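Here are a few friendly notes to read with the structure open beside you.

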Amino acid sequence: MSTTEASNITDHISRRYNQDLERVRNNVMTMGGLVEAQLSRAIAAIVSGDSELGLKVANDDYKVNRLEVQIDEDCSRILVTRSPAASDLRLIVAIIKTITDLERIGDEAEKIGYLASQLAAMDRPSNSYRELRSLGNHVSQMLKDAMDAFARLDVEAALAVVREDEQVDEEYEALTRQCITHMMEDPRSIRRFMNVTWSARSLERIGDHAKNICEYVIYMVQGRDVRHTETLEQNPPETD
Amino acid sequence: MPSSWRKILIAVLSVLLLGAAIGALYDSSLIGLLIAALLLVAWQLRQLFAFDRALRTNDFEAFRYGEGIWEQMFSRFRFEQQKSARHKDRYRELLREIRKSTNAMPDAAVIINDDNEILMCNRAAKQLVGLRPKKDKGQRVDNILRDGDLKKLLRSGNFKTSVDIESPLRQGDWLNCRVVPYGADQKLLLIRDVTERLRINKMRRDFVANASHELRSPLTVISGYLDGVVDEDLPEEWRNPFSQMQAQATRMNQVVSELLELSRLESAGRANLESSVNVAGLMAAAAKAYGGRKDVPNIRVKADETVDLLGNSTQIESVITNLLTNAIRHTPADGRITLKWSTGSGGGVIAVIDTGEGIADEHLPRLTERFFRVDRGRARADGGVGLGLAIVKHILNRHDAELRIASEVGKGSTFFCEFSKERVVQREKTAKAG
């Protein structure tokens, strides 16, 4: 492999550029992992009535925020110094949007953790919030699939998550209705079921954010190679 | 000179000579020589082209020309080619077998490079963690398995430890991840399903905790009544049995509470790095609490006042008192016990040195087992329960520390608790941090 001086230099520059992009992408995945862990711990805190764990989740949200700021700065720096084009630009744009959603998911997890610490102090239903757990598991699976789709740039998987969101909405609807019934039957439990409703609301919002992330994934990939995304034609993505 | 070379030289020369001779018959031997030479060149060219065609079309059956050096070259070429093809087949077969066996492995094996990018993974990796053998090639493994602990392990470069992560596919399943570096910059990530093992461990822990807990209430009642009875004036013949019963009830209470402490320790996580422990102070307090009595050997404290240990204060205190009471129990009153807290390049060491009876080598490995006793007969006389060292070991585990025991029968033993460097801090720094 005999490379001339000139080609060596360009190779070097583009490698650094690639490394920069790669590092930002990896940081997004780290942030995703952190948010996933936060969410699953928040759900565990509700289900097991562990107020300490719930508070820990609420207190750990700063880590997510810190990562968001860091990634945001990295993205701005790449935009300024490299002026990325085409797929690189789409990647950066998608990342900037994705981290906003991840940060919101982190906030919702913080909220759930806080609610869990409150719920732990109240009466516990005999089924230990089975509906919340099932909704929570559903949503964390969605988030996991969304991050997987992001890592693999997998449009199919992203579309599946987008479709999944409807089910989460239905589950949320059912849970709210159930809570209302409980509150009407026993007004003393209103306070508790308000917390449950808020938790469910947060989970539902997380589902929406996961859906958004998947839409960014589709946006990111679609421009890169439309040939391998036949399903897109039947189901055009919303790339706003 | 090989015979084939000689042969072709003779053939060429004789053709040239023949040409010259025939030319001489017609009075122009030079033209005859030239024609012979041209014929030779044409023949060689023909061989050359045929060989080239055979190479290009790979149809060596068609190459049937001539003998001598051309045929030899050809057959040698054929031979080498067949040999390498055979080797290739063998390696391909071998590779297939290896791949088959790695795919048959129940544990996930992922080969990753320096940047943690996946080079290869087996089928179990798909079943256990959802990696796709073909699609995820080149993907960073920590982007798919986004677990904080695994990321830390991959980044740390210290591959002696393993981490347990929750399965990304099935909730409640636990996977043990280990990294084995090999070659220049490759690593093997091994993932094993340990759900069952953890479940059994948890069952055992829960059983011990529940059993101890259940034993506690009846014991409290028994010892409560015994205390009441003993206080009263008892007939002479009852006095001894009752005080025996009381002593045994106390002992049993101690066993139960130590078992409970052990099970609590087992379910507790790793001790945090946020609070610092004044080891020198704990040692001085322990020496004061246990020493100074006539039947207790002389206790000296040699502690470095300038450094603290990061960890759980009550647990470290329990380590010191457990080791100290052990030493007291096994050291005659005229002996000497030294508590030492020192730091070096490797980290910090809490050492408890006694001049007691010592422990025989064959007992050392089993010393930290629950209820293990070197001398069964003495078990009850000295008041020990048999859980002290097990508790010490568990606490040290929680502090990433190790227990090392050096002992010589008749001269005494030394228990070293070796803490890693990251757990040792200067006192000034911690004072400032609050």
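1. Start just past α2(B), where B:Asn58 has a positive phi of about 65°. Please keep in mind that this is a predicted model.

2. Which residues of α2(B) are buried? They include B:Gly32, B:Leu33 and B:Ala36. The partner for the buried residues of this helix is α1 (3-25) of chain B.

3. Now turn to chain A, where α2 (residues 51-59) packs with α4 (residues 86-120) at about 155°, the axes being 7 Å apart. The two helices are therefore roughly antiparallel, and the crossing is left-handed. On the α2(A) side, the contact uses A:Ser51, A:Gly54, A:Leu55, A:Val57 and A:Ala58. Residues of α4(A) in the contact include A:Ala109, A:Glu110, A:Gly113 and A:Tyr114. Sorted by class, the contact has seven nonpolar, four polar and one charged residues.

4. Back in chain B, look at α10 (residues 313-330) and α11 (residues 388-398), whose axes come within 9 Å and cross at roughly 150°. Their crossing is left-handed. Among the contact residues are B:Val319, B:Asn322 and B:Leu323 of α10(B), together with B:Ile391, B:Val392 and B:Arg398 of α11(B). Here the classes come to six nonpolar, six polar and one charged residues.

Notes:
Residues numbered from 1 in each chain as written. Chains lettered and ligands numbered in written order. Predicted model: local features only at pLDDT ≥ 70, side-chain atom pairs only at ≥ 80, totals over all residues. Buried ≥ 20, exposed ≤ 12 C-beta atoms within 10 Å, placed from the backbone. Helix = DSSP H or I, 4+ residues; strand = E, 2+ residues; numbered from the N terminus. Contact = placed C-beta atoms within 7 Å. Axes fitted to C-alpha atoms, helices over the stretch in contact; angles between N-to-C directions. Parallel < 35°, antiparallel > 145°, perpendicular 65-115°, else oblique. Left-handed = near helix turned anticlockwise from the far one by under 90°. Nonpolar A, V, L, I, M, F, W, Y, C, P; charged D, E, K, R; others polar.
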